[in-house]
Amino acid sequence: MFDSKMIINKMIVDKNKLNISASISCPFDVDVTSPKAKIVFECDGRVRRLPFLVTNYFRQKQSSSCIIVCTYTFLLDNIFYNFESDSDITARIDFYYGDNTVESVPFTVSTNVLNENPDIRLDEQYIEYECFDGVTVFTNEENDFESDRKKNGHIYTISFDCENSRIVISKSKELHRGGSLAERSRIIIPALRFVFFILRIILSVLLAPYFVLDGIFAGLGVLPKRKTKEIDGLLRNIFVQIKINFSSFLKTSFKKSVFRENIRKPLFAICKIYYKILSKKDIVPNRVTFMSGRRDEIGGNPLFVYNLLKDRDDIDFRFLMFSDPAGHSRIKNIVKFLRLYATSRVVIVDDYFRLLNLVDKREGVKLFQLWHACGAFKTFGFTRLGKKGGPKQTDPNHRMYDYAIVSSQEIAKHYAEGFGLSDENVVATGIPRTDIFMDKEYADNIRNGFYERYPQLENKKIMLFAPTFRGNGQMSAFYPTSAFSPVEVYEQLKGEYAIIIKLHPFCQERFEIPEEYKDVIIDLSDDDELNDLLFVTDLLVTDYSSVVFEASLLNIPMMFYAFDLYDYISSRDFYYDFEGFVPGKIVFSQRELVECIEEKDFEAQRVEGFKNKFFDHLDGKSSQRVADLILKNLDK
């Protein structure tokens with residue numbers, strides 16, 4: 001049995017903020033680079049997992065053990081989304097160290113905690129008099145803790161159920177913030193501000209000659225200058241004085257981000273009013289709406305489900321599809337979204353769809369997330385809480401889904417955590433688009449079509465190079481093309497493998513391929529579906545891409561070219577310890593990659609166990625299970 005124990009070093013409840021720091025000790029393993037802890041909240045059958053941020057990890061001197069220090073501040077009013085209960089919330093702490101998992105880590109409580117909470121009484125066996133928490137200052141200086149979405153707040157108190165390794169959180173009383181009046185003011189006041197802002201714009205046009213003349217005289221020094229730093233150049237000085245006149249009257253800065261925000265807030269308030277009006281109408285009981293902000297036409301998982309339902313005359317299908325990153329800000333898309341979101345019985349998305357955050361989903365609408373990725377590999381969503389690029393606890397992102405489909409029960413808890421959902425909202429139906437990997441006719445058609453286009457590859461082995469992107473998202477995504485030379489790899493392998501390159505769709509930069517190699521090194525980043533390319537792949541070279549899950553279904557040997565692994569762990573991290581998780585050989589340089597390919601050192605024996613762990617269903621009927629779940633909700 002894996003021996004671990006925990007000391008709760010600090011715990012303070014400030015109204016709805018739970019400040020907690022704990023240290024976990026266990027045997028040290030040099031191969032474990034990223035230990036993890038989760039805090040699991042439960043209330044009336046709801047379960048919410050959140051990462052308990054690791055702030056220190058070190059080996060104890062002259063000992064075979066180590067200490068992992070975790071510290072964070074949790075907003076108790078934001079644990080469960082749109083869920084109110086007077087019942088106590090219980091919390092346990094789960095610990096993950098390499099291949100070892102400990103649910104409900106047993107703990108003792110530091111005297112520091114008892115001094116801070118004098119009303120708590122514990123048996124002597126659960127009190128720790130000497131402890132080291134590994135941190136010198138406990139702070140919660142985050143702008144994470146401001147929320148304008150909560151109508152009311154609560155004051156909480158804590159106690160301990162040490163025998164069952166639980167923290168017990170009780171609601172003491174409710175903090176009233178003006179009730180419905182305050183709720184209405186969040187819509188009415190921005191709307192009024194927007195009206196007055198429009199009026200000021202109209203008046204500023206009428207007063208423009210005065211503002212211009214006044215600015216000219218102020219720039220010339222005839223009239224007093226507005227408060228501003230010294231500016232070189234007469235014309236520039238005059239321009240600044242004129243701009244100050246307009247911005248002072250309009251009560252806004254002309255900085256793009258500020259001006260856009262001043263427009264955005266009142267417009268969103270008007271959208272909410274429009275949505276409330278639409279929500280007075282009945283939901284169309286047979287309406288199914290597909291929405292996507294990543295493609296202009298239906299595709300991926302939604303397409304597989306739609307193909308099973310499209311011939312039914314009793315379903316009213318609607319679509320809102322766009323691939324433009326700015327599509328979420330376009331008026332026509334917003335208006336169509338509000339209309340469909342308010343009236344559809346079932347709404348289906350396949351990725352983060354930002355417009356869902358604009359309004360609260362009305363009761364009776366069922367929202368399905370048919371997430372585009374397979375398995376659980378890189379951390380995402382609320383698993384990145386407290387890390388650069390991660391969300392705030394107050395963010396509504398993803399938390400409104402009624403159903404999120406996944407490939408196996410093994411990964412359901414990770415998706416629940418990432419999406420900020422309760423466990424019952426994540427369903428292991430299998431991933432619809434993986435049905436093709438059990439369809440021999442489909443596979444044959446794809447292979448035949450590929451070799452018709454590229455007949456020169458028919459008798460060659462094919463290496464698929466499909467890495468993921470670096471960066472925080474679509475706008476900053478890149479792959480460091482200098483880290484891999486397809487020409488060098490082709491030459492060093494003496495032409496044994498043709499190379500197909502498939503970069504992530506977010507990456508804009510492409511490899512430069514000399515003309516003489518274009519028949520054997522082909523960049524298909526902008527063309528074929530990645531899954532289809534797997535049917536002609538003899539060797540997959542990737543890094544941290546979730547394509548490994550689909551590749552395992554075809555038992556493809558894999559190589560993991562992870563030259564920046566430890567940087568990636570520190571910035572992004574994984575749900576599992578990378579080096580023990582991936583189903584293939586890990587290499588850290590191009591030279592090592594080539595050597596292992598020459599020696600056929602793929603560690604391919606790991607693929608089968610990996611596949612069985614992350615897929616509960618290998619019957620090619622995942623699309624049907626999702627379709628049945630949708631129909632079940634239409635019948636309600």
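Trainee: Which residue classes make up the lining of the largest cavity?

Mentor: By class, that lining has seven nonpolar, two polar and four charged residues. Here Ala, Val, Leu, Ile, Met, Phe, Trp, Tyr, Cys and Pro count as nonpolar, Asp, Glu, Lys and Arg as charged, and the others, Gly among them, as polar. Please note that this is a predicted model, in which local features need pLDDT of at least 70 and side-chain atom pairs count only at pLDDT 80 or more, while totals for chains, interfaces and linings use all residues. Residues are numbered from 1 along each chain as its sequence is written, and side-chain values use heavy atoms, with hydrogens and water left out.

Trainee: Which residues lie nearest the centre of the largest cavity?

Mentor: Leu 76, Phe 80, Phe 83, Tyr 156 and Lys 171 do, out of 13 lining residues. The volume of this cavity is about 110 Å³. On a 1 Å grid over the protein atoms alone, a cavity is a set of points where a 1.4 Å probe fits but cannot get out; a pocket is an open set with protein on both sides within 12 Å along at least five of seven lines, and lining residues have an atom within 4 Å of a point. Grid points are joined across faces, edges and corners, and a volume is the space filled by probe spheres set on the points.

Trainee: Turning to strands, is S20 mostly covered or mostly open?

Mentor: Strand S20 (residues 497-501) is mostly covered, with five of its five residues buried, that is, under 20% relative accessible area with a 1.4 Å probe, protein chains only; exposed means over 50%, and partly exposed lies in between. Strands (E, at least two residues) and helices (H or I, at least four) are DSSP runs, numbered from the N terminus.

Trainee: What does strand S19 do relative to S20?

Mentor: Strand S19 (residues 461-465) pairs with S20 in the parallel sense over five bridges; two strands pair if DSSP finds at least two bridges between them. Met 463 stands opposite Ile 499.
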